[in-house]
Amino acid sequence: MTLENIIFLLLGFVLLVGGAEFLVRGAARIALAVGITPLVVGLTVVAFGTSAPELAVSMVSTFTGDGDLALGNVIGSNIFNILVILGISALIVPLVVNQQLVRFDVPFMIAISVLLLILGLDGNVGRWDGLLLSSLLVGYILFLLWQSRREGKDVAEEYEEEFGSEEDQVMWKNLMWIVLGMTGLILGSKWLVDSAVEIATAYGVSELVIGLTIVATGTSLPEVATSVVAAVKGERDIAVGNAVGSNIFNILSVIGISSLISPAGIAVSRAALTFDIPVMIGVAVACLPIFLTKYTITRLNGGFFILYYGAYLGYLLLTASKHDYVEHYRYALTWFVLPITAVTLLIITFSGMRQLRRELDSAD
C-alpha cells in the first residue's frame, strides 16, 4: 500500500458524495419540473440518488471480479444505515416514525433481506436473481406512485423549500448537475474500488471485510448527511425514511442491477451467508418492534444502535486481524448478546402492540 492508494481512496469518497449530491439535485428538480409529485421524487429520485455510490461501486466491483467487495458494500451499508445513521439521528432528537414505515416499508425491508439470503444460498446471485430483484424494484416504485396520490400539501411545501418551485427550474443547469454527478460517481467509484483492493491486498484483509467497513462507511456518507441534517432541522420523518428507503434500494437496485448486467453474477461467500447477511436481517427485524413503541425511536434506542454497531465492528476487526479471541467473541455475541437482545425486543414488541391497541380503541 502506498500513499497514492490512500489519496485516491479519499478522493474517491469525495467524488462519490459530491456526485450523489449533484445527481439528486438535478434529477429531483427535473422531476418536479415535468410534473412528478414531490413525494415520489423524495421516495424514488432522492432515495436512489443516495444509493448511487453503492450502485457505482458494486457495478465496478462485479466487472473487475471483486464480487466480495460489491456484496460487502451493500450489507455493510444497510447495517450502517440503521445502527449508525438512525442511532446518531435519534441521539440528536427522538425520531418520529411514520405509520406507513411500520405497516409496509420496514416489513418489506425485512422480506427482501431474507430473500437475499435465500438467493445467495447457492453461492451466487445470478442474472435470474437480479431479474427478480429488479422486478421487485419496479413494483416498489409503482407502489410509491400509487401512494403519491395521498400526498399532503405540507410534503409539497417541504420539497419546494428543499429543491425550489417548478418556476425556479432551469433545464440546462439541472442537466449539467446530472452530468457532473454521474461523472463524479463513475470516477469516484473506480478510484475507490481500485484503492480498496490494493489496501486489502497489502494488509492481507479480505475484500469482504473492506467492503463491510471502509467502503460501506464511505458510500453511506450521503445518507449520513441527509438524515443528520434532517434530524437537526426537526424533519424527523425524513431522517427515518431516508435510512429505510436507502436499504430497500440497496438490495433491489444495487444487487439487482449489478447481478443482472454482470456475466458471472455476484459471488456470495460462506462468511457472508453464515454471519454478515444474518446480522443485516437481524438489524432489519430489530427495527420493527422498536418502531412500534409509540412510533418513536428514543435516544435510548439510538444509544443501543450505536453500541451494537460497535460490537459488530469489533468482530470484523478481530476477524481481519485473525485474533486468537475471535471465536470467543463470536460465541459471546451468538449465545449471550443476541438472545438477550431477542428477549428485549419481544418485550418492546408486546409493549408497543398494547400501546397501539389502546390507541385504536380510544380512536373508536
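A cavity is taken here as a set of grid points where a 1.4 Å probe fits but cannot get out. In this predicted model, one such cavity of 30 Å³ or more is present, and the space within the largest cavity comes to about 50 Å³. Its lining is made up of Asn78, Ile79, Ile82, Met109, Ser113, Asn247, Met280, Val283 and Ala284. When these lining residues are sorted by class, six are nonpolar and three are polar, while none is charged. At least two residues of the lining come from each of three helices, namely helix H4 (67-92), helix H5 (99-119) and helix H12 (270-292).

Helix H12 also contains Phe275. The relative accessibility of Phe275 is 11%, and this residue is therefore counted as buried, since the term applies to values under 20%. Although 59 residues separate Phe275 from Thr334 along the sequence, the C-alpha atoms of the two lie 9.9 Å apart in space.

Gly310, which belongs to helix H13 (residues 299-320), is 226 residues away from Val84 in sequence, yet the distance between their C-alpha atoms is 9.3 Å. With a relative accessibility of 40%, Gly310 is classed as partly exposed, because that class covers the values between the limit for buried residues, under 20%, and the limit for exposed residues, over 50%.

Attention now turns to the surface. A nonpolar patch is formed there by Leu3, Ile6, Ile7, Leu10 and Leu11, which together have about 440 Å² of accessible area. Of these residues, Leu11 is located in helix H1 (residues 3-33), and its relative accessibility of 37% places Leu11 in the partly exposed class.

How values were computed: Residues numbered from 1 in each chain as written. Predicted model: local features only at pLDDT ≥ 70, side-chain atom pairs only at ≥ 80, totals over all residues. Heavy atoms only, no water. Patch = residues over 30% accessible without salt bridge, like charges linked within 9 Å, V, L, I, M, F, W, Y side chains within 5 Å. Areas by Shrake-Rupley, 256 points an atom, 1.4 Å probe, with all protein chains shown as cover. Salt bridge = Lys/Arg side-chain N within 4 Å of Asp/Glu carboxyl O. Helix = DSSP H or I, 4+ residues; strand = E, 2+ residues; numbered from the N terminus. Buried < 20%, exposed > 50% of the residue type's maximum accessible area, 1.4 Å probe, protein only. 1 Å grid on protein atoms, 1.4 Å probe; cavity = no way out; pocket = protein on both sides within 12 Å on 5 of 7 lines; lining within 4 Å. Points joined across faces, edges and corners; volume = space filled by probe spheres on them. Nonpolar A, V, L, I, M, F, W, Y, C, P; charged D, E, K, R; others polar.
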